[in-house]
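Please look through the sequence and the model below, and keep both in view while reading the paragraphs that follow.

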Amino acid sequence: MLVGLIVSLGVWSWLNLRGKGTNILFLVEVFAPFDAEMRIRVAELLKDIAKDRCVVVTTHHDDIKNSVAWDKIWVVTKQNGISNLRAY
């Protein structure tokens with residue numbers, strides 16, 4: 001999974017350099033296959049990428065929320081079948 005993530009980021013960067021990409025990166029459950037230590041390393045990499053791009057990450061891992069100083073954190077909770085969105 002880590003190799004797949006690195007290849008994906010490389011292709012995304014290459015497309016941006018050629019003017020055919022976007023400055024927005026969406027990653028869904030990118031932390032799912034990793035242990036706690038690797039999740040923090042990947043989060044730090046994504047925070048570095050987010051310095052000049054918009055990175056949107058979805059995850060169920062609460063440790064990622066506090067692992068690095070994210071610009072914005074949005075948390076979705078579901079109660080009685082109703083989803084609530086809250087910013088931190």
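In this predicted model, R41 and E37 both belong to helix α2, which covers residues 36-49, and because they are four residues apart in that helix, about one helical turn separates them. Their side chains meet in a salt bridge, with a distance of 3.0 Å from N to O. Side chains of opposite charge can pair when their charged atoms come close. R41 itself is partly exposed, its relative accessible area being 48%.

This pair belongs to a structure that holds five salt bridges, and another of them involves D71 and K47, whose closest N and O atoms are 3.3 Å apart. Here the partners come from separate parts of the chain, since D71 lies in the loop between α3 (62-67) and β3 (74-79) while K47 lies in helix α2, so that the pair ties together parts that are 24 residues apart in sequence. With a relative accessible area of 66%, D71 is exposed, whereas K47, at 22%, counts as partly exposed.

A further salt bridge joins the side chains of K51 and D48, where the distance from N to O is 2.9 Å. K51 is exposed, at 67% relative accessibility, while D48, with a relative accessible area of 45%, is partly exposed.

From these charged pairs we can turn to the nonpolar residues. In soluble globular proteins, nonpolar side chains tend to be buried together. The largest nonpolar core of this model has 15 residues, and among them F31 and L46 touch the most other members. At least two residues of this core are supplied by each of α1 (2-17), β1 (24-28) and α2, and the largest share, four residues, comes from α2. What does L46 touch, if residues up to four places away in sequence are not counted? The contacts of L46 are then L27, V30, F31, V55, V57 and W70.

Finally, two places in the backbone deserve a careful look. In the loop between β1 and α2 one finds E29, a residue other than glycine whose phi has a positive value, near 50°; at 23% relative accessibility, E29 counts as partly exposed. The loop between β3 and β4 (82-87) contains N80, which is also a residue other than glycine with a positive phi, in this case near 55°. N80 is exposed, with a relative accessible area of 76%.

Conventions
Residues are numbered from 1 along each chain as its sequence is written. This is a predicted model: local features need pLDDT of at least 70, side-chain atom pairs count only at pLDDT 80 or more; totals for chains, interfaces and linings use all residues. Side-chain values use heavy atoms; hydrogens and water are left out. A salt bridge is a side-chain nitrogen of Lys or Arg within 4 Å of a carboxyl oxygen of Asp or Glu. Buried means under 20% relative accessible area, exposed over 50%, partly exposed in between (1.4 Å probe, protein chains only). A nonpolar core is a set of buried Ala, Val, Leu, Ile, Met, Phe, Trp, Tyr and Cys residues joined through side-chain atoms within 4.5 Å. Contact means heavy atoms within 4.5 Å.
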